[in-house]
Amino acid sequence: MSQSPDQAGHFGPYGGRFVPEALIAALDELTAAHLAAKSDPVFLTELDRLLTTYAGRPTPLTDARRLSEHAGGARILLKREDLAHTGSHKINNVLGQALLTKQMGKKRVIAETGAGQHGVATATACALFGFECTVYMGEEDTRRQALNVARMRLLGAEVVPVSSGTKTLKDATNEAMRDWVTNVETTHYVIGSVVGPHPFPMMVRDFQRVIGVEARQQCLDLVGRLPDAVVACVGGGSNAMGLFHPFLDDTSVALVGCEAGGDGVETGRHAAPLTAGEPGVLHGARSYLMQDEDGQTALTTSISAGLDYPGVGPEHALLRDSGRATYTGITDGWAMQALEKVAKTEGILIAIETAHAFAGACDWGRAQVAAGRAAEDLVMIVNTSGRGDKDVDTAARWFGLVTGEELAESELVRAHEGEQP
Amino acid sequence: MSQLDELFARCRAEGRAALVGYLPAGFPSYDLSVEAMVAMVEAGVDAVEVGMPYSDPLMEGPVIQAAHQASLDAGTRQADVLRAVEAVAATGAPTLVMGYWNPVHRYGFRRWAQALKDAGGVGAITPDLIPEEAPEWLEACRELDLDPVFLVAPSSTDERIAVVGRTNRGFVYAAAVMGVTGARAEIGAGARQLVDRVRVQTDLPVAVGLGVSTGAQAAQVASFADGVVVGSALVSALEHDGVEGVRKLAAELAEGVRSAG
Ligand SMILES: Cc1ncc(COP(=O)(O)O)c(C=O)c1O
């Protein structure tokens, strides 16, 4: 079951390479570099050293005892990617790709970012490796994630706001691709999720697998058995794929992916392609996609910049079709409730992306109990993909936590209200 | 012999390169886009690429991106693209669609190939599709006698150029510079090198695109290529000077491909 794509990067009918011919040579070079690195002890030792001494791995598995009452009493274990350096799982992939960039002799790196976490991780690695760094970010996202824009700039990266199309992650990715086609000889494009043309979905998964490998062993050590479910949010799908992959052959473990349900999947205003999209091609791969009858990419809606994307990684498409994983859409409101619950019961401020996974985990636990399973026998691992500092501003507004006066006082709020049209 | 084969044979006999003009369907409106494409044929364009507007055109620079978006905003649908093909093909000029893959994928490539054929189209240029991902599309093209046109780039290996040379019909589209579409001040030496590399691998005619905007540049490219493709400059002309602007630029470019030494 532990699936790998075929040589051309196909996961069943999904994946592949739907890109301009100009990029094929670079993708071939990258594939070769990645495959060689996978079995190169020098590379693996160096990556392991970075993950341990720089990123702070292994991340802990935290027993969330008070939260469990919100999941029908099921035991919830948190895989703490929020504690990794830069505050999310994105660093795992970026350090791997930065090492490959060095091996390929490239000195300039570009990236797309939605929530800004991948951009921050990339800017961080570029500072560490001495690469020139340009990050493309939708103009709307530069506003809702202003803190991360400042972080990237502090780290020495150039942040380019993208004002075309939807002004969010999709168009940031378009611009990054256009940069890459132009500068491919000197530049590596660090894609931030398990999306894009082959080898990215496979390679990013391989770099994120460390999450699941650690979590699986930590669960065995702590509980003495495998969990009943592993749960993660799905934007492009990298934290989910990293957690799911080492469990693929453990058929007793349910794999639950939580997409952005926005205003509700039934309203059409969401970002849940696996739940409510159809197969299509976007950004270099065939997968599920939100699109209209003519194959134009559809508009997406989500409170979460990191999940506000019409596509999803091709390996998830295959897992959906085979039924090995299940995917569900979590509304903005439900995710924000989960964010508040996790903060107040566990003292952990999670990212809004991550909150979708917690909401889905609570739903899953309650559904199992309702179906007659004993709550005390249920164990779940929830991927705590990122911390919530970047979202405090959005949460403050959502919950009305600060007065109008205090809002006006806030430097951050003032800074980006100035930019609002 | 396909219409494209005949065209390139005729141009060769006349000792000149073919001029291929690109405009997106539905920009700035359906009627004006068709009028402009017909006008460019009247002014000397030999073959037309009807652009299929797409929400995420990865290979396009700002000018064509904006035109795609404006066309979609104006409500252009797949049926309009096919209608535009029919209107342009009626001029007798070989008419292709330049289209990103997802709209075709969504339509169903077999059904779409049939619709293209019925509209009088001769083939399609697919900028984000490579031959390896296209077995069913190629089969549909074979059955319906349509010409599939894939691209080569300066970064393509000789092996890949050979694959495209074996797969394409009509011509090979050489995207002469690394980058997105848009007018360029200079057509680099890379264009000529790429054409030379293609000629080693295939006897198909080679058309060069990406960056040509003036009659002088068209003449320069025509001196070493079998076809000159012009896109962004025609879109800009339409945007700023209307159909007459397109007619004027097309005439200048047509003179260019005829004046190459
Ligand atoms: C904290 C966090 N979790 C999840 C995601 C979604 O990405 P993916 O689905 O690739 O894990 C993001 C993306 O920005 C993120 O910042």
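This is a predicted model: local features need pLDDT of at least 70, side-chain atom pairs count only at pLDDT 80 or more; totals for chains, interfaces and linings use all residues.
The ligand is surrounded by 19 residues. The closest of them are S193(A), G235(A), G237(A), S238(A) and S385(A). By residue class, the shell around the ligand consists of twelve polar, five nonpolar and two charged residues.

In G235(A), a backbone N or O atom is 2.7 Å from an oxygen atom of the ligand. For G237(A), too, a backbone N or O atom lies 2.7 Å from an oxygen atom of the ligand. With S385(A) the side chain takes part: one of its N or O atoms is 2.7 Å from a nitrogen atom of the ligand. On its own, the ligand has 390 Å² of accessible area, and the protein covers 97% of this area. The space that the ligand takes is the largest cavity. Two elements of chain A, α9 (238–244) and α13 (352–370), are those that give two or more residues to the shell around the ligand.

The position of the ligand can also be described by domains. Residues of the shell come both from domain 1 (10–53 + 90–200) and from domain 2 (61–87 + 209–397) of chain A, and the ligand therefore lies between the two domains.

Some features of the backbone were examined as well. In chain A, the peptide bond that joins H198(A) to P199(A) is cis, and its omega is near 15°. P199(A) is placed in the loop between β8 (187–189) and α8 (200–223) of chain A. In chain B, the peptide bond from F27(B) to P28(B) is cis, with omega near -5°. The loop that holds P28(B) runs between β1 (18–24) and α2 (30–42) of chain B.

A further backbone feature concerns K167(A). Phi of K167(A) is near 60°, which is a positive value in a residue other than glycine. K167(A) is located in the loop between β7 (158–162) and α7 (169–183) of chain A.

Methods
Residues are numbered from 1 along each chain as its sequence is written. Chains are lettered from A and ligands numbered from 1 in the order in which they are written. Side-chain values use heavy atoms; hydrogens and water are left out. A residue is near a molecule or strand if one of its heavy atoms lies within 4 Å of it. A polar contact is a pair of N or O atoms within 3.5 Å; within protein, one must be able to donate a hydrogen and the other to accept it, and residues adjacent in sequence count only if both atoms are side-chain atoms. Accessible areas come from the Shrake-Rupley method with a 1.4 Å probe; for residues, only the protein chains shown count as cover. On a 1 Å grid over the protein atoms alone, a cavity is a set of points where a 1.4 Å probe fits but cannot get out, and a pocket is an open set with protein on both sides within 12 Å along at least five of seven lines; lining residues have an atom within 4 Å of a point. A molecule sits in a cavity or pocket if more than half of its atoms lie within 2 Å of its grid points. Helices (H or I, at least four residues) and strands (E, at least two) are DSSP runs, numbered from the N terminus. Ala, Val, Leu, Ile, Met, Phe, Trp, Tyr, Cys and Pro count as nonpolar, Asp, Glu, Lys and Arg as charged, and the others, Gly among them, as polar. Domain bounds come from an automatic or database domain assignment.
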